[in-house]
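I opened the notebook to record what I looked up in this model, taking the chain contact, the helix packing and the strand pairing in turn.

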Amino acid sequence: MEERQYDLIFILRPDTPESEIDKVISTLDHAATEKGAKIEKTEKWGRKRMAYRVQRLREGFYVYMVVRSSNGEVVKELERRLKVSDPVIKYLTVRLDEELKRQEKFKRHREKRAARRPKKTVPASVPGQAGEQAAAPVA
Amino acid sequence: MTDANAPQQQAPAAPVAPQAASSGAGAPAGAPPQSQGPGGFGGRPGGPRPGGPGGRPPGGPKRGKRNFVRKKKVCRFCVDKVDLIDYKKADVLSSFIQDRGRVLPRRMTGTCARHQRWLTVAIKRAQNIALLPFAAEL
């Protein structure tokens with residue numbers, strides 16, 4: 001089965017001690033590995049001002065994770081853990097693999113088209129590896 | 001009576017369709033005088049009205065009276081060739097929302113249709129995770 005990729009962002013209360021935050025992260029980590037998923041990346045964005053008040057708080061501690069799994073059930077489990085966890089005040093899971101596939105497709109098409117155009121310095125035998133065609137940036 | 005290519009007859013649908021073409025909205029020459037609403041005779045998607053410069057005067061922003069799109073605005077994303085609009089980049093996205101928090105229409109930002117769709121999705125995700133406001137305080 002194909003692998004899915006999820007972006008998981010959650011916000012904790014800003015006054016949560018570092019140890020608590022790490023505990024939450026490791027809980028999620030275990031839950032994920034139990035379900036056969038792997039957490040590719042964990043980023044702590046730290047305290048940020050939120051655009052609106054959540055539970056009467058103006059700031060929150062943001063944590064960002066990338067989860068890879070071939071099984072969709074893991075998301076439900078992770079969200080359940082986040083829901084019951086006290087310091088977590090908001091979370092959002094986004095499924096990204098389709099979008100990333102689409103991004104790849106566009107990039108490939110663009111590189112193919114660029115390679116087809118007669119270029120002065122690039123050897124035509126190398127498909128899609130035009131030197132001056134930088135990878136498409138992500139806005 | 002009417003043949004298919006002579007739309008002078010009253011349309012069977014919407015006999016009270018607003019005659020907006022005559023209200024000076026800049027209908028392009030060559031449009032049939034009768035302008036029914038979308039989907040009148042089959043195949044005319046937006047009506048002939050927005051076929052002109054693309055900005056309807058009554059819908060213009062507060063900048064001026066008869067303000068069509070000023071210059072040829074290009075889609076920022078098409079120029080940069082982005083394939084994915086990241087909802088996590090609030091700084092980029094914030095230039096596409098009003099100060100009230102609402103998404104700016106395409107005719108103001110010059111975004112192309114495809115990128116506007118992706119942009120809206122990204123903005124809504126960012127709003128949900130409190131990176132962008134839903135409704136800014138007055």
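The entries below go through these topics one after another.

I note that this is a predicted model, in which local features need pLDDT of at least 70 and side-chain atom pairs count only at pLDDT 80 or more, while totals for chains, interfaces and linings use all residues. Residues are numbered from 1 along each chain as its sequence is written, and chains are lettered from A and ligands numbered from 1 in the order in which they are written.

Chain contact. I looked up the contacts (C-beta atoms, placed from the backbone, within 7 Å) and found 18 residues of chain A touching 18 residues of chain B. At least two residues each come from β1 (4-12), β2 (38-54), β4 (88-95) and α3 (97-116) of chain A, helices (H or I, at least four residues) and strands (E, at least two) being DSSP runs numbered from the N terminus. The largest share of this side of chain A, 5 residues, belongs to α3(A).

Helix packing. I then checked α1 (residues 18-34) and α2 (residues 73-84) of chain A, whose axes (lines fitted to C-alpha atoms over the stretch in contact, with angles from 0 to 180 degrees between N-to-C directions) lie 9 Å apart at an angle of about 155 degrees. α1(A) and α2(A) are therefore roughly antiparallel (an angle over 145 degrees). On the α1(A) side the contact uses T27(A), L28(A), A31(A) and A32(A), and on the α2(A) side V74(A), E77(A), L78(A) and R81(A).

Strand pairing. I found β2(A) and β3 (residues 57-69) of chain A paired (at least two DSSP bridges) in the antiparallel sense over 11 bridges, with G46(A) opposite Y62(A) in β3(A). In their hairpin, which has 2 residues between the strands, I noted that Q55(A) takes a positive phi near 50 degrees.

Note on methods: Two residues are in contact if their C-beta atoms, placed from the backbone, lie within 7 Å. Angles under 35 degrees count as roughly parallel, over 145 as roughly antiparallel, 65 to 115 as roughly perpendicular and the rest as oblique.
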